[in-house]
Amino acid sequence: SRQTDTATATVEVEESNPPSAEIDCSPDSIFAGESVSCSAADSTDEGTIQSYSWDFENVDESVSSDSAARYTYDEPGTYNIEVQVTDDRRETDTATTRITVQQNQGPRADFAIDSESPTVNERITFDASSSTDDNEIETYSWDFGNGEQATGPVAEQRYRGPGEYTI
C-alpha cells in the first residue's frame, strides 16, 4: 500500500508600503534667468529608493535622475515641479511643489547730490546707493558731463569751470 504524508506551514505575507516622496525646492520664487534647486533626499521607503524622475513642467529634456536637481527658468510664470521616486519593488510615489518665476524688471538708477548749487572747484559728492534692482547691482558708472568718469555707488567730482553739466 502506498503511504503519504503532508507537511504544512503558515506563511504570513505582509503588505509592502510604497515609498513616500518628499520635495523641497528653494527658493520658491525666482526671477527669469535664475535657478531653482530641488531635493528629494527626504523621501523614504522601507526598502531602497532606486530612482528619481524629475519633471520641471514644460521642459522636454531630462534634468536629473539623482535625488537633487537644479533648473533655470527663462520665462516668467508659475510652474509645477514634480519628482517621482521608485523603490526596489518598483512601487512609486510622487510629490509636487510650485514655483513662481517673475520677470526681472532691471535696475532703476537714482542718485543724490550733496550740493545743488556748487561753485567752481567745490568738491561735490554723488551718491547712487538709493538705486534699486530685483537682484544685486553689480556696477555703478558715472559720466560727469565734462569728460570725466568714475565707478562705484558714491563718487566725487570738482568742476573746473562754470557751466551746466548733465550727469
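Biologist: Before we start, what counts as a helix or a strand here?
Modeller: Helices (H or I, at least four residues) and strands (E, at least two) are DSSP runs, numbered from the N terminus. This is a predicted model, in which local features need pLDDT of at least 70 and side-chain atom pairs count only at pLDDT 80 or more, while totals for chains, interfaces and linings use all residues. Residues are numbered from 1 along each chain as its sequence is written, and side-chain values use heavy atoms, with hydrogens and water left out.

Biologist: OK, where does D87 lie?
Modeller: D87 lies in strand β6, which covers residues 77-87.

Biologist: And is D87 buried or exposed?
Modeller: D87 counts as buried because its relative accessibility is 2%, where buried means under 20% relative accessible area, exposed over 50%, and partly exposed in between (1.4 Å probe, protein chains only).

Biologist: Which backbone nitrogen does the D87 side chain reach at 2.9 Å?
Modeller: The side chain of D87 reaches the backbone nitrogen of E91 at 2.9 Å, and a polar atom of that side chain also lies 2.9 Å from the backbone nitrogen of R89.

Biologist: Switching topic, how many disulfides are there?
Modeller: The count comes to one disulfide, taking a disulfide as a pair of cysteine sulfur atoms within 2.5 Å. C25 is joined to C38, with 2.1 Å from S to S.

Biologist: What parts does that pair tie together?
Modeller: C25 lies in strand β1 (residues 24-26) and C38 in strand β3 (residues 35-39), so the pair ties together parts that are 13 residues apart in sequence.

Biologist: Are those two cysteines buried or exposed?
Modeller: Both C25 and C38 are buried.

Notes: Polar contact = N/O pair within 3.5 Å; in protein donor to acceptor, adjacent residues only side chain to side chain.
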